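Please brief me on this protein chain.

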Amino acid sequence: MAISDVGLPGEVPWKKMSAEELENQYRPSQWVVRLGAEEALRTYSQIGIEATRRARATRKSLLHVPYGDGEGEKVDIYFPDKAAEALPFFLFFHGGYWQSGSKDESAFMVDPLTAQGVAVVIVAYDIAPKGTLDQMVDQVTRSVAFVQTRYPSNGGIYLCGHSAGAHLAAMMLLANWTKHGVTPNLKGFFLVSGVFDLEPIMYTSQNIALQLTLEDAQRNSPQLKVAQAQPVDPTCRVLVVVGQFDSPEFHRQSWEFYQTLCQGEWKASFEQLHDVDHFEIVENLTQKDNVLTQVGPHPWHPFRGRQHGSRCSLLDAQTRSSRPAWPAWRNSVSTKNTKKISQM
Ligand SMILES: Nc1ccccc1C(=O)C[C@H](N)C(=O)O
């Protein structure tokens, strides 16, 4: 049965998809070209575990630091060797559809970033079914407030999330900091292969654990709210990144979120990273020579040397019409994926 058969209006592409197609679009491992789906998930987890083992063995760290009273409300903080006065803090929220993953296997970028003078904080939150989406958003908000309170003279707080973690990071664009008694020194958001409109997730198997109602999905969809939200710091930048081999729905989610940021007052940029899939995009953050792990005059490179904001304002119309022509790459990927698409 097509989703559109259950009486939903068909104005967005996903509402016209069959349940099977929608399921496939929201299964990133199915779009991995270099490996089979299972192997891609296994490799991702192995690289995360190894990076975490290495980070804990080689970097100065504070592990399992509580940011709240809940059992799951802990962060791991990794420091650069050299002490600095205004240390930039980079917070990472892991992915896994709000129901898998942990901070203990997500210290991907610790090595390259601490080596360049950035403190890295890997945040744990209560995944489903223990935690609800609202609780996870609240936990992540408190983890950010915690870092600001503990390190008030920080040289900027940068939030990075992957997949479901990119959603949680994006929700911080909407946070009401006065409620938390502290305004974090937010300088940048780095949203990697995220989901920003949660409604389609309701119609996939991911919702078995999440149990999202339409109200839950809408309340927790930054896509619906971010145009109205105000940046606390007008210099704060938002980079929306998606992998070339992410699914068309993931491309659409990132692109539409970027466009919506531009309609508001956000300084946003959009990048499609060439030749990487949903998992490689994060695995590559373990590497010192990766484009995303270069720290420059600004604490973190992805925001350096690009025309941030300008693409959103002056060149906006041009950017809109020059959206990356996905899924042009379909033609060049393995027959495995091509077949799936044609079968849809
Ligand atoms: N383990 C992850 C870690 C990060 C991001 C996504 C996942 C997923 O497992 C997504 C989904 N279950 C998939 O099979 O693609």
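Predicted model: local features only at pLDDT ≥ 70, side-chain atom pairs only at ≥ 80, totals over all residues.

Residues are numbered from 1 along each chain as its sequence is written.

**Overall fold**

- The chain has 12 helices and eight strands. Both are DSSP runs numbered from the N terminus: helices are H or I with at least four residues, strands are E with at least two.
- Of the 344 residues, 45% count as buried. Buried means that 20 or more other C-beta atoms lie within 10 Å of a residue's own; exposed means 12 or fewer, partly exposed is in between, and C-beta atoms are placed from the backbone.
- Among contacts in the chain with a separation of 6 or more, 74% join residues 24 or more positions apart. A contact requires C-beta atoms, placed from the backbone, within 7 Å.

**Nonpolar core**

- The largest nonpolar core holds 91 residues. Such a core is a set of buried Ala, Val, Leu, Ile, Met, Phe, Trp, Tyr and Cys residues joined through C-beta atoms within 7 Å.
- Phe90, Leu91, Val120, Val121 and Leu191 have the most contacts inside this core. Helix 4 (residues 133–150) gives the largest share, eight residues.
- Beyond four places in sequence, Val121 touches Val75, Ile77, Phe89, Phe90, Leu91 and Val147.

**Annotated active site**

- An unreviewed UniProt entry places the feature "active site" at Ser163, Asp246 and His278. These residues are spread over 116 residues of sequence but cluster in space, with a largest C-alpha distance of 10.5 Å. UniProt positions are in the numbering used here, feature names are shortened, and annotations may be inferred rather than shown by experiment.
- Ser163 sits in the loop between strand 5 (157–162) and helix 5 (164–171). Ser163 is buried because 26 other C-beta atoms lie within 10 Å.
- Outside four places in sequence, Ser163 contacts Gly95, Gly96, Ser193, Gly194 and His278.
- Asp246 lies in the loop between strand 7 (237–243) and helix 9 (248–263). Asp246 has 29 C-beta neighbours inside 10 Å, so Asp246 counts as buried.
- With residues up to four places away left out, Asp246 touches Pro28, Trp31, Ser193, His251, Asp277 and His278.

**Helix 5**

- Helix 5 is mostly covered, with eight of its eight residues buried. They include His167, Leu168 and Met171.
- Its buried residues pack against strand 3 (89–93), helix 4, strand 5, strand 6 (186–192) and helix 8 (222–225).

Methods: Contact = placed C-beta atoms within 7 Å.
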